Amino acid sequence: MSGEETDWGNKILFLPAAKNMSMLVVESSPWNANNFGIPYPTYFHPAKDSEVFEWQERMRSLERKWLFSFAGAPRPDNPKSIRGQIIDQCRNSKVGKLLECDFGESKCHAPSSIMQMFQGSLFCLQPQGDSYTRRSAFDSMLAGCIPVFFHPGSAYTQYTWHLPKNFTTYSVFIPEDDIRKRNVSIEERLLQIPPEQVKVMRENVINLIPGLIYADPRSELETLKDAFDVSVQAIIDKVTRLRKNMIEGRTEYDNFVEENSWKYALLEEGQREAGGHVWDPFFSKPKPGEDSSSDSNGGTTISADAAKNSWKSEQRDKTQ
């Protein structure tokens, strides 16, 4: 979270030399301008266009018997996590499917178990993981399952190169606080969406698949652009704009504020200044020395201690 030596992790992104780089990462910071989110790699690495088209057709034809599903574990060490409430709602629903992930041996470690569940679900619940997003969001979209997000940082502010800015076309957004305060039934909320709209949303998700996957590097897709192609083109476009602005003696944005970096990717063509945004409360940055779990707005993710514990758990899983 910072360039302090005492903070968890390393400070490579804060080094002066790194400030002038464009870094492509599976999870970007909403407060720093030099890193850009690209999709997590999924299980599918096609070698040719036909494999992608066949996969998309298969996802269209699947029978989806579950209204919604969730694969994940609770976060008892993180008081701001809504996973406990989501798990409870899945357990208490006759149209919800739950794949509980715990330490040690778990069906969550088997790609077939996760993908079968996603492929049999209309909606896939994607709360924050150990950070704003998690790989599961991309696995679910690969399965043609409509993602349900609870924090805008999970997808909408990060993957603007690969996902539509109009997030309502392919996903459902339920604010975390509505779940935390038990004001919303996920089942009721999803049942309110007309079947025809669900069909259109699922088709939109399936159409997004080519740009979210990474093709087999030993081959090359003929007509489709995969996540790598999309990312490289976006960087080329960024450099082109930068050069053009330098020639014209201008900057890309007026009154640029790096701490508001997440807002600039959401601007429409021609907009040069980011003002107030409805999602501001979600991204209130913790002050130096402040534990992010104490943020009353739910704007930040887990604390450094929780991050360390998560890392230790991963290492323990690998040894079992």
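These are my notebook entries on what I looked up in the structure above.

**Entry 1: ground rules**

I am working with a predicted model, in which local features need pLDDT of at least 70 and side-chain atom pairs count only at pLDDT 80 or more, while totals for chains, interfaces and linings use all residues. Residues are numbered from 1 along each chain as its sequence is written, and side-chain values use heavy atoms, with hydrogens and water left out.

**Entry 2: the whole chain**

I began with the protein chain, which has 10 helices and seven strands; helices (H or I, at least four residues) and strands (E, at least two) are DSSP runs, numbered from the N terminus. Of the 320 residues in the protein chain, 46% are buried, where buried means under 20% relative accessible area, exposed means over 50%, and partly exposed lies in between (1.4 Å probe, protein chains only). The chain exposes about 17000 Å², and carbon and sulfur atoms supply 53% of that area; accessible areas come from the Shrake-Rupley method with a 1.4 Å probe, and for residues only the protein chains shown count as cover. I also looked up contacts, meaning heavy atoms within 4.5 Å, and among those between residues at least 6 apart in sequence, 63% join residues at least 24 apart.

Which residues of H2 are buried? I found Arg83, Gln85, Ile86, Ile87 and Cys90, and these buried residues pack against strand S3 (66–72), strand S4 (96–100), S5, helix H5 (176–180) and helix H6 (186–191).

I then took Ile86 by itself, which sits in helix H2 (residues 83–91) and counts as buried because its relative accessibility is 0%. Leaving aside neighbours within four places in sequence, Ile86 is in contact with Phe70, Leu125, Pro127, Phe150, Ile179 and Ile186.

In helix H3 (residues 111–119), the buried residues are Ile114, Met115, Met117, Phe118 and Gln119, and their cover includes helix H1 (49–61), S3, S4, S5 and H4.

**Entry 3: Arg134 and Gln126**

Next I turned to Arg134, which lies in the loop between strand S5 (121–126) and helix H4 (136–142). Arg134 is buried yet has no salt bridge, and the nearest side chain of opposite charge, Asp139, is 8.5 Å away; here Lys and Arg count as positive and Asp and Glu as negative, while His and the chain ends are not counted.

What does the side chain of Arg134 reach at 3.4 Å? I found the backbone oxygen of Leu125, and I also noted a polar contact of 3.1 Å between the side chains of Arg134 and Gln126. A polar contact is a pair of N or O atoms within 3.5 Å; within protein, one must be able to donate a hydrogen and the other to accept it, and residues adjacent in sequence count only if both atoms are side-chain atoms. Not counting residues up to four places away in sequence, Arg134 touches several others, among them Tyr40, Phe70, Arg83 and Pro127.

Gln126 itself is in strand S5 and counts as buried because its relative accessibility is 1%. The side chain of Gln126 makes a further polar contact with the side chain of Ser140, at 3.3 Å.

**Entry 4: salt bridges**

A salt bridge is a side-chain nitrogen of Lys or Arg within 4 Å of a carboxyl oxygen of Asp or Glu, and by this rule the count comes to 13. The side chains of Glu57 and Arg60 meet in one of them (2.7 Å, N to O), and both residues lie in helix H1, three residues apart, which is about one turn of the helix. Glu57, Arg60 and Glu203 are linked in a network of salt bridges.

Is Asp139 buried or exposed? Asp139 is buried, because its relative accessible area is 3%, whereas Arg135 is partly exposed at 28%.

**Entry 5: a surface patch**

Lastly I looked up a nonpolar surface patch of about 270 Å², made by Phe228, Val232 and Ile236. Patches are made of residues with over 30% relative accessible area and no salt bridge, where like charges are joined within 9 Å and nonpolar side chains (Val, Leu, Ile, Met, Phe, Trp, Tyr) within 5 Å. Phe228 belongs to helix H8 (residues 227–247) and is exposed, because its relative accessible area is 53%.
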